[in-house]
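Keep the viewer open as you read.

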Amino acid sequence: MDDGAKEQRDPAWWGRRAWSLLSAVRARAPLVQCITNLVSMDIAANALLAAGASPAMVHSLREVPDFTPRCDAVYVNVGTLSEDWLPSMRAAASAGRPWVLDPVAAAASGFRMEACVELLALRPAVVRGNASEILALADRSVAAASNFKGADSSHESMDALEAAKALALSSGAVVAVSGAVDFITNGEKVVGASNGVPMMQKITATGCAVTALIAAFVAIEPSDALVAAACALAIFGLAGEIGMESSKGPASLRMHLIDTLYFLDEEMVTSRVRIALRP
Ligand SMILES: Nc1ncnc2c1ncn2[C@@H]1O[C@H](COP(=O)(O)OP(=O)(O)OP(=O)(O)O)[C@@H](O)[C@H]1O
Ligand SMILES: Cc1ncsc1CCO
Ligand SMILES: [Mg+2]
């Protein structure tokens, strides 16, 4: 095991780490360029703002040379991929800033899978997907299965753990698989984050929003993307958990989750974040 494994066996260490990263996001308001799908723009921008970051939905290839180098992190999401946007994604991912990939529905088509594979070669710090997306990306397979559900997962996160490790080793990225337990791995270490509520799956683009939050945390901690990703996933899940206490269904949870991200305090984070290094 590499450095940090000893302290990462202590659950309280993660609570303190998650709080310190969220506090740093609030203090430094990292600028996150988001080239993300049309469904997710609103929730991703609002989640970033509520957490204290500064979102910018900048898509034009012509703006990348001026704008991207000034960003603290870049977020690329292929959810509503088109031929027009792919060059901007390539350019922003190549601009020398830490960046994060969300391979939405990677198995939907050959075009999308090829785009994801090509982007993966541009060395994202983190790839975050649901289990079906990570399984598909790890073996570069376009969906034939009758249970393919597009942007939604038809697998549990645990089903994709070995694929996530293999993908992390082959790509050099930290790979995060979301689900009831979020798994985050660099191919050797595996961390589980178990905050969140099932209702989060009933709000479109919560996965896209948490990947945006991962980008903000990576902007603060670019040299430890595994810790940044685990803490972002746990914080977002915790906001869902606390938000659910005041919610009647998906629409009110969406509102309360964003409110809770804004109001999370040290006591809530250090006592309720559930992250553990897996043996
Ligand atoms: N069963 C569950 N219990 C608790 N939290 C969950 C559960 N399923 C998903 N989540 C949480 O919901 C958020 C979104 O994860 P999900 O796996 O649904 O992403 P996704 O499929 O990529 O979503 P989308 O494509 O709509 O953006 C994550 O924070 C994850 O931890
Ligand atoms: C529903 C949907 N379709 C393309 S992207 C997206 C948002 C969830 O990923
Ligand atoms: Mg998704």
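The largest nonpolar core in this predicted model holds 102 residues, and the members that touch the most others are Ala 212, Leu 213, Ile 214, Ala 216, Phe 217 and Ala 229. Helix H9 (residues 225-244) is the top contributor to this core, with 15 residues.

Ala 216 is a handy place to look around from. Leaving out residues up to four places away in sequence, Ala 216 touches Val 25, Pro 30, Val 32, Leu 48, Ala 51, Ala 53 and Ala 73.

Now for the helix packing. Helix H1 (residues 11-28) packs on both helix H8 (residues 206-220) and H9. Here are the two pairs side by side:

| Helix pair | Angle between axes | Axis distance |
|---|---|---|
| H1 and H8 | about 85 degrees | 9 Å apart |
| H1 and H9 | roughly 90 degrees | within 9 Å |

Which residues make the contact of H1 with H9? On the H1 side they are Arg 17, Ala 18, Leu 21 and Leu 22, and on the H9 side Val 227, Ala 228, Cys 231, Ala 234 and Ile 235. By class, that contact has 8 nonpolar residues, no polar ones and 1 charged.

In the contact with H8, the H1 residues are Leu 21, Ala 24, Val 25 and Arg 28, and they meet Ala 216, Phe 217 and Ile 220. This contact splits into 6 nonpolar, no polar and 1 charged. Leu 21 turns up in the contact with H8 and again in the one with H9.

On to helix H6 (residues 131-138): is it mostly covered or mostly open? Mostly covered, with 8 of its 8 residues buried. Those buried residues are Ala 131, Ser 132, Glu 133, Ile 134, Leu 135, Ala 136, Leu 137 and Ala 138, so Glu 133 is on the list too. The cover includes H5, S5, helix H7 (161-171) and strand S6 (174-178).

Most residues other than glycine have a negative phi. Just after H6, though, Arg 140 takes a positive phi of about 50 degrees. Ala 105 also has a positive phi of about 50 degrees, and it sits in the loop between strand S4 (99-102) and helix H5 (110-120). Arg 123 has a positive phi of about 60 degrees and lies in the loop between H5 and strand S5 (126-130).

Arg 123 has 14 other C-beta atoms within 10 Å, so it is partly exposed.

Finally, the ligands. Ligand 1 is surrounded by 23 residues, the closest being Asn 130, Ser 178, Gly 196, Met 200 and Gly 207. H8 gives the largest share of that shell, 4 residues, while H8 and H9 each supply at least two. The shell has 11 nonpolar, 10 polar and 2 charged residues.

Around ligand 2 you'll find Asn 37, Val 39, Ser 40, Gly 79, Thr 80, Val 104, Ala 151, Thr 204, Ala 205, Gly 207 and Cys 208. That shell divides into 5 nonpolar, 6 polar and no charged residues.

Notes:
Residues are numbered from 1 along each chain as its sequence is written. Chains are lettered from A and ligands numbered from 1 in the order in which they are written. This is a predicted model: local features need pLDDT of at least 70, side-chain atom pairs count only at pLDDT 80 or more; totals for chains, interfaces and linings use all residues. Axes are lines fitted to C-alpha atoms, for helices over the stretch in contact, and angles run from 0 to 180 degrees between N-to-C directions. Two residues are in contact if their C-beta atoms, placed from the backbone, lie within 7 Å. Ala, Val, Leu, Ile, Met, Phe, Trp, Tyr, Cys and Pro count as nonpolar, Asp, Glu, Lys and Arg as charged, and the others, Gly among them, as polar. A residue is near a molecule or strand if its C-beta atom, placed from the backbone, lies within 6 Å of it. A residue is buried if 20 or more other C-beta atoms lie within 10 Å of its own, exposed if 12 or fewer, and partly exposed in between; C-beta atoms are placed from the backbone. A nonpolar core is a set of buried Ala, Val, Leu, Ile, Met, Phe, Trp, Tyr and Cys residues joined through C-beta atoms within 7 Å.
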